[in-house]
Amino acid sequence: MTVLFVLDGKSQEYLIGFNGGIPEEEQVVSRDEAVATLPFFDDFTQAGYFPDDSKWQKGNVFVNSGFPKMPVNYRAATLDLIDRHGKVYRNGSSNPFRADTLLSVRIRLDSLNNQKLTPADSLYLSFYYQPGGFGDDPERDDSLVLKFGYGYNETVYDTTIQDSVTVRKHAWRQMWAAEGQTYESFIAECDENQYFKKVMIPITDTCLFQEDFYIMFFNYGTLPTTMYPNDRSNMDQWNVDFVYLDKDRSIEADTYPLVSFTNTSPTFLKRYRSMPYKHYANNPINEIENCFNMYLTNMDVNTHEVRYSCEVEDNNSDWSYSYTSDPFYINQYPNVGVMKDSVVMGNFIYPYNLNVDTTSFTIRHYVDVVDEHSGEVAGDSIVVKQGFYNYFAYDDGTPEMGYGLVPNDTYFAAQFKVTQLDTVCGVQMLFNRTFNDANFNFFDIVVWKDNNGKPGQVAYTLQNQRPIWDDSLLYAFSNYTFNEVVKVNSTFYVGIRQQYPKSMNIGFDTSVDNHQYCFYDAGEGWKNTSFAGSLMIRPVMGSDAYFLDVDENQEAKNELVLYPNPANDMVRIDGIDANSANEIVIFDIAGRAVKHYQYCNELNVSDLQNGAYMLRVVMNDGSSMTSKLLIAK
């Protein structure tokens with residue numbers, strides 16, 4: 001656990017880790033139908049918030065690209081102090097406590113292809129790990145632990161049948177552990193341009209070669225003392241990537257035939273992660289960033305010639321753009337670590353003459369091996385969505401830290417800029433969950449005019465608000481509708497006045513640095529924040545405060561399509577996997593849930609009054625998709 005302070009007289013701004021549940025115990029075993037065989041491999045690049053359930057049992061570990069810094073390839077599994085709904089574990093304490101668990105399904109180590117496995121087959125488990133990353137540094141006692149589980153038979157006396165019976169039990173053996181440390185000290189110990197460390201463990205004990213073998217990672221964490229109850233949130237992150245178990249491996253020659261992306265995907269926007277389309281279209285040249293870096297790793301034994309390319313498609317028209325680089329060479333990861341490829345798409349620009357209020361684009365990044373090994377070594381792809389919706393966003397949707405001020409009557413704000421006269425009708429904010437929801441305090445939402453690059457005259461105040469959380473979703477934004485529209489022209493600011501001498505613990509995205517647009521006033525005038533990152537504050541523009549729930553620049557999922565739209569009595573839902581969908585929630589323009597349904601692809605909406613609504617489909621993995629629904633009778 002780490003709390004970062006910047007002292008300023010008697011006031012201070014600080015960051016704390018982002019936010020219960022009982023951790024899974026060693027006795028948990030996988031479903032009978034979920035069985036894995038060698039090779040067992042997961043680089044966590046599949047879409048979704050949680051690990052692949054064909055490889056890992058259901059748990060609370062978060063799969064993401066926000067917390068890890070330069071993972072071995074794009075995305076990693078993050079173990080922290082919160083469950084799958086963002087709540088701090090109920091067993092949280094200022095003493096080290098057991099938190100997240102990443103537990104595999106049953107793995108067959110007794111045989112492979114009808115051949116018995118033995119220690120002579122040279123089995124190794126390898127993985128990469130990193131403390132902290134863009135999140136909070138675990139302290140020394142906040143350890144990451146690896147255990148192996150295996151089954152064995154035991155004869156016991158069953159009193160119900162008055163006879164001895166054989167039962168299958170499971171034993172657990174600790175194989176490895178790492179003490180917590182700062183990210184900076186960890187990186188200083190890594191090889192050049194490598195941000196994760198590799199661990200490779202031989203499997204030699206004959207008792208492990210069973211039909212029910214398990215891999216289990218778990219972490220210990222600590223919460224701050226009650227001196228700062230609003231800070232008892234998610235902390236002590238560990239990132240795990242590239243888990244690989246197979247036979248015929250050796251430490252001297254251990255590679256994997258893969259060239260892949262790492263780090264996050266660029267947005268092609270210079271300032272925002274998302275912005276209203278009309279404000280982009282008014283000044284597109286100034287908003288576009290067509291020079292960026294892509295980061296790559298080569299996990300194979302050979303140096304390879306590769307080529308980067310990308311495709312951009314408008315999801316609402318036939319417009320598209322493509323780019324292909326000249327071939328270049330990438331050396332092996334053990335030798336050079338992460339490699340940077342500088343990309344210049346000098347003629348790229350999103351279309352600026354579409355007759356729409358909102359739109360979105362699908363961006364596909366590719367890296368392909370183009371030398372003589374192209375059929376032997378896999379390349380990689382990332383598919384992301386770039387939205388132009390009805391709000392401004394600096395963040396990518398993942399709060400790696402939490403931001404706060406002390407004492408009371410302090411302010412913080414984010415700066416935004418419109419290219420024409422517009423109105424602000426509401427705001428989205430993401431508040432971290434804290435232990436026992438200690439930050440459920442009143443605050444005021446404030447809109448300021450500009451005063452020479454800092455907040456100036458107050459334009460509007462929405463008083464006595466509290467954090468709003470959604471227990472069904474991870475990292476859900478709170479929606480606040482203004483009781484009047486607020487006119488803005490050019491630069492304006494949206495933020496919070498804290499009424500209580502405790503941090504509001506608002507989400508702070510440390511993987512996207514926009515600190516020059518973040519300000520605070522703790523009694524001595526407005527200043528820029530001292531921390532690299534972005535306040536998770538999204539002003540909603542226009543006259544109708546309908547709230548879109550979109551993770552900026554995250555992996556593109558199925559497209560949610562509603563028709564007819566506007567609807568009269570029936571609306572059909574298309575474009576998603578019905579087997580992966582859980583429920584449907586319809587919200588009014590104030591952000592209030594007005595209807596709940598179990599998922600079905602056709603809804604009767606005849607009882608809804610005319611107007612604009614938002615229809616959200618919640619998936620089984622906790623993710624969601626949202627689309628605007630109009631009712632006209």
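Tutor: Strands (E, at least two residues) and helices (H or I, at least four) are DSSP runs, numbered from the N terminus. The model is predicted, so local features need pLDDT of at least 70 and side-chain atom pairs pLDDT 80 or more, while totals for chains, interfaces and linings use all residues. Residues count from 1 along each chain as its sequence is written, and side-chain values use heavy atoms, without hydrogens or water.

One may begin with proline 39, which is placed in the loop between strand S3 (35-36) and S4. A cis peptide bond connects leucine 38 to proline 39, with omega about -5 degrees.

Rings of Phe, Tyr and Trp (its six-membered ring) pair if their centres lie within 6.5 Å: stacked with planes under 30 degrees apart, edge-to-face over 60, tilted otherwise. This rule gives 53 aromatic pairs. In one of them, the ring centres of phenylalanine 41 and tyrosine 244 are 5.8 Å apart with planes at 85 degrees, so this pair is edge-to-face. Phenylalanine 41 belongs to strand S4 (residues 40-42) and tyrosine 244 to strand S16 (residues 238-246), so that the pair links distant parts of the chain, 203 residues apart. Both phenylalanine 41 and tyrosine 244 are buried (under 20% relative accessible area; exposed is over 50%, partly exposed in between; 1.4 Å probe, protein chains only).

A second pair is formed by tyrosine 394 and tyrosine 517: their ring centres are 5.3 Å apart and their planes lie at 10 degrees, so the pair is stacked. Here tyrosine 394 is in the loop between strand S24 (380-388) and strand S25 (401-406), and tyrosine 517 is in the loop between strand S32 (506-509) and strand S33 (518-521). These distant parts of the chain are 123 residues apart. Tyrosine 394 and tyrosine 517 are both buried.

Rings also gather in a group: one aromatic cluster includes Phe268, Tyr277, Trp319 and Phe388.

The loop between S25 and strand S26 (410-417) holds proline 407, which is joined to valine 406 by a cis peptide bond with omega about 0 degrees. Aspartate 409 lies in the loop between S25 and S26. Although aspartate 409 is not a glycine, its phi is positive, at about 55 degrees; the residue is partly exposed, with a relative accessible area of 40%. Serine 122, in the loop between strand S10 (115-116) and strand S11 (123-131), has a positive phi near 55 degrees and is partly exposed at 24%.
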